[in-house]
Amino acid sequence: MLKYIVRRILYIIPTTIFISIVIFLLIQLPPGDFLSVYTAKAVQEGETIDKQALERMRQDYGLDKPWYVQYFKWISGIITRGDFGYSFTYKRPVISVIKQYLGITIMVSLVTMLFTYIVAIPIGIFSAVKQYSIGDYIFTIIGFFGMGTPNFLFAIVLMYLSFKYFGNPMIGLISSEYVESAWTWAKILDLLKHMIIPVIVIGTANTCGLIRVMRGQLLDELNKQYVITARAKGLPERRILFKYPVRAAINPIISTIGWSLTSIFTGSTITAIVLNLPTQGPVMHKALLNQDMYLAGTWLLLMTVLTLLGTLISDLLLAWLDPRIRYEKKGK
Amino acid sequence: MRCEDRKNNDILLEVRNLKVHIKLDEGILKAVDGVSFPIKRGKTMGLVGESGCGKSLTSKAIISINPDICQTTGEVLFYDSEKNEIINLLELEKDSAEIRDIRGKKISMIFQEPMTAFSPLHTIGNQIMENILIHKMKNKKEAKEVAINMLKRVGIADAEKRINQYPHEFSGGMRQRAMIAMALSCNPDLLIADEPTTALDVTIQAQVLELMNQLQKEYEMAILFITHNLGVIAEICDEVAVMYLGEIVERASVKELFRNPRHPYTKGLIKSIPKMGRKKERLYSIEGNVPLPLDLPPACHFYERCEYRMDGICNKQKVPEIQLSEDHMVKCFLYNNYDNIKQDNYIKQETEAADV
């Protein structure tokens with residue numbers, strides 16, 4: 001087992017390197033660079049920019065070199081100095097921009113995931129056990145509505161409702177009066193209040209999908225022979241349900257934890273823009289629009305590593321939960 | 001208490017007029033339609049029939065573990081030796097403590113598919129001990145002891161190690177042995193074996209049957225053995241009931257049934273057993289297929305396939321159950337007039353010609 005884990009961790013290194021090359025190439029693909037976008041904007045605003053100064057800046061930033069030279073410069077900076085490059089739009093090192101947004105992004109994502117699982121799994125179990133009951137139908141309808149409604153629309157509706165009934169649209173994550181203050185209970189409470197709408201909006205689509213998965217999986221398991229065996233042993237229904245079929249039905253959900261985390265990271269961009277959340281989505285969006293390549297590249301690289309780690313964690317969890325997988329891995 | 005006098009009788013369980021009906025959009029599927037048979041203490045009752053004749057539903061109905069769409073009526077009278085009373089198991093709530101106390105403890109069950117009958121996510125030991133822990137003792141260590149002993153008893157070598165393994169590490173035959181160990185871990189009065197050897201290959205099948213025979217003597221339990229294999233019936237059973245489309249068409253002791261089968265269906269079944277040494281002959285088969293038991297008329301269901309069918313009688317009237325002797329019942333119009341010796345002789349000749 002240990003050998004398996006070590007090997008899986010080692011695999012991450014070449015994968016990351018390969019993906020980082022692809023990322024860099026993709027970011028460089030659109031014509032122009034940060035400076036040309038910058039110039040275009042400036043011209044639009046009626047300013048004139050000295051061509052020579054521009055050329056000098058391009059040389060300073062290394063933007064005149066071919067992409068692979070820039071890539072090596074970037075990647076060697078990361079490996080040797082932990083330097084992820086310079087963000088042109090924010091005019092400071094990428095690492096400090098990321099530091100500012102990463103914590104809050106991870107927190108929102110984790111809380112959303114937690115919300116998703118806490119809501120989806122019990123409802124999925126209920127829907128499967130009481131298949132075709134009124135409750136099942138109601139959850140199914142709500143579920144499809146949740147999946148079908150665009151997130152940004154849902155966010156706007158909730159903001160409107162919040163404004164109408166509580167007098168506050170709950171924009172952003174922290175109210176203006178707390179922005180500068182230290183972390184007190186009042187500030188935490190304020191933060192939690194602000195997180196309700198984003199968590200519901202970002203979580204709903206995933207939750208509804210997960211309910212369907214859980215319901216379908218459990219329906220499959222409920223008719224398996226081993227459930228009848230357990231019943232013939234004289235076990236109470238509730239204990240049978242949670243010990244056997246639920247345990248088996250949850251496996252596929254666990255195997256998707258890895259990438260569902262990153263999908264929440266990246267999938268919530270529009271919602272975050274609408275709700276004015278200080279998370280990664282809008283930052284990434286802006287970076288791509290401005291061809292702020294080091295910032296965009298670093299974010300994508302971070303996503304890659306998170307996805308790989310998430311998949312590894314899922315695989316390990318699955319091996320821990322399902323003895324059949326453990327066995328195969330040992331046999332290799 | 002009813003049937004006061006039967007307490008001292010040798011009957012452990014009696015199924016009376018058991019019906020399992022399933023409501024479908026197309027109509028009511030009478031999967032089991034009025035089945036009655038007794039199971040004697042320490043004896044083996046065989047239930048034989050083609051796939052889909054309702055034998056499995058009958059066996060599961062005894063301990064009420066059929067799916068909820070099955071509507072079960074009738075009586076299943078079980079003599080509880082501990083409480084010294086007769087209980088109608090069908091009157092108990094499906095998930096009540098009373099019936100759960102009987103399941104797995106006094107009546108336990110083994111299944112056809114040893115591959116899927118164990119949960120793949122839990123160890124064999126966990127699943128056997130579970131049975132012991134809910135019925136017999138609370139101490140986990142002792143339960144493990146019992147489980148190990150049971151595994152040894154059913155012939156699993158290295159039981160101390162095996163108990164911590166998962167079902168996929170067991171072969172099919174071993175899994176069925178483990179299943180038997182689990183079922184017998186609480187010394188049940190009755191073991192229901194639902195085609196326990198069907199999924200096994202022939203040599204393993206023989207071993208498992210031998211094991212069941214041995215354990216039956218040792219634990220003095222009764223067995224309800226469900227199979228479609230008459231050869232297995234001949235080997236292990238004391239009494240046999242032949243089922244066709246949800247009804248028992250003939251019931252007799254094993255010797256009587258094989259020597260003197262009366263119902264045309266039973267005869268067909270016995271004739272279609274392949275015999276050693278006769279190579280060139282084409283194997284006998286009963287013509288036609290088992291129809292779906294949807295909205296069947298109250299007449300003989302075997303009519304379409306029967307060689308002796310009598311138009312106007314068999315397909316028009318309800319078939320009577322005829323007691324030919326104390327331990328031989330047949331449900332067929334041919335014996336309606338049992339005094340009619342002429343016809344009986346005709347049938348006997350036919351039987352002899354068939355060479356049992």
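Trainee: What are the scores of the model, ipTM and pTM?

Mentor: The predicted model scores ipTM 0.83 and pTM 0.80. For chain B, the mean pLDDT is 85, and 91% of its residues reach 70 or more.

Trainee: Where in chain B does pLDDT stay under 50?

Mentor: Over residues 1–7 of chain B. For that stretch the model has eight contacts beyond four places in sequence.

Trainee: How do I read a sheet, say the one of four strands in chain B?

Mentor: Strands of a sheet pair through backbone hydrogen bonds, either parallel or antiparallel. Here the four strands form an open sheet in the order S2-S1-S4-S5 of chain B, with antiparallel pairing. Strand S2 (27–40) and strand S5 (85–88) of chain B are the edge strands, and each pairs on one side only. From one strand to the next, the twist averages 10°.

Trainee: How many bridges join S1(B) to S2(B)?

Mentor: Strand S1, residues 11–24 of chain B, runs antiparallel to S2(B), and 11 bridges join the two.

Trainee: Which strands make up the open sheet of eight strands in chain B, and in what order?

Mentor: The order is S6-S7-S8-S3-S9-S10-S12-S11 of chain B, and the pairing is mixed. Strand S6 (107–110) and S11 of chain B stand at the edges with a single partner strand each, so one side of each has no neighbour in the sheet. With direction ignored, neighbouring strands of this sheet are turned by 20° against each other on average.

Trainee: Which way do S3(B) and S8(B) pair, parallel or antiparallel?

Mentor: Parallel: strand S3 (residues 44–48) and strand S8 (residues 222–227) of chain B pair over five bridges. One place to check this is B:Met45, which has B:Leu224 in S8(B) as its bridge partner.

Trainee: How many residues lie between S11(B) and S12(B) in their hairpin?

Mentor: There are two residues between them. Strand S11 (residues 322–325) and strand S12 (residues 328–330) of chain B pair in the antiparallel sense over three bridges. In S12(B), B:Met329 is the bridge partner of B:Gln323.

Trainee: Turning to helices, at what angle do H5(A) and H16(A) pack?

Mentor: Helix H5 (residues 94–129) and helix H16 (residues 293–321) of chain A pack at about 50°, and their axes are 10 Å apart. H5(A) and H16(A) are therefore oblique to each other. The crossing of H5(A) past H16(A) is right-handed.

Trainee: Which residues of H5(A) and H16(A) meet?

Mentor: A:Val94, A:Val97 and A:Ile98 in H5(A) meet A:Tyr294, A:Leu295 and A:Thr298 in H16(A). By class, this contact has five nonpolar residues, one polar residue and no charged residues.

Trainee: How should I describe the contact between chain A and chain B?

Mentor: The size of an interface is often given as the accessible area lost when the parts come together. Here it can be described by residues: 19 residues of chain A are in contact with 24 residues of chain B. On the side of chain A, helix H9 (225–232), helix H11 (245–249) and helix H17 (323–331) are the elements that give two or more residues. H9(A) gives the most, with six residues.

Trainee: What classes of residue does the side of chain A that touches chain B have?

Mentor: That side of chain A has nine nonpolar, three polar and seven charged residues.

Methods:
Residues are numbered from 1 along each chain as its sequence is written. Chains are lettered from A and ligands numbered from 1 in the order in which they are written. This is a predicted model: local features need pLDDT of at least 70, side-chain atom pairs count only at pLDDT 80 or more; totals for chains, interfaces and linings use all residues. Two strands pair if DSSP finds at least two bridges between them. Axes are lines fitted to C-alpha atoms, for helices over the stretch in contact, and angles run from 0 to 180 degrees between N-to-C directions. Angles under 35 degrees count as roughly parallel, over 145 as roughly antiparallel, 65 to 115 as roughly perpendicular and the rest as oblique. A crossing is left-handed if the near helix is turned anticlockwise from the far one by less than a right angle, and right-handed if clockwise. Two residues are in contact if their C-beta atoms, placed from the backbone, lie within 7 Å. Ala, Val, Leu, Ile, Met, Phe, Trp, Tyr, Cys and Pro count as nonpolar, Asp, Glu, Lys and Arg as charged, and the others, Gly among them, as polar. pLDDT is the predictor's confidence in each residue, from 0 to 100.
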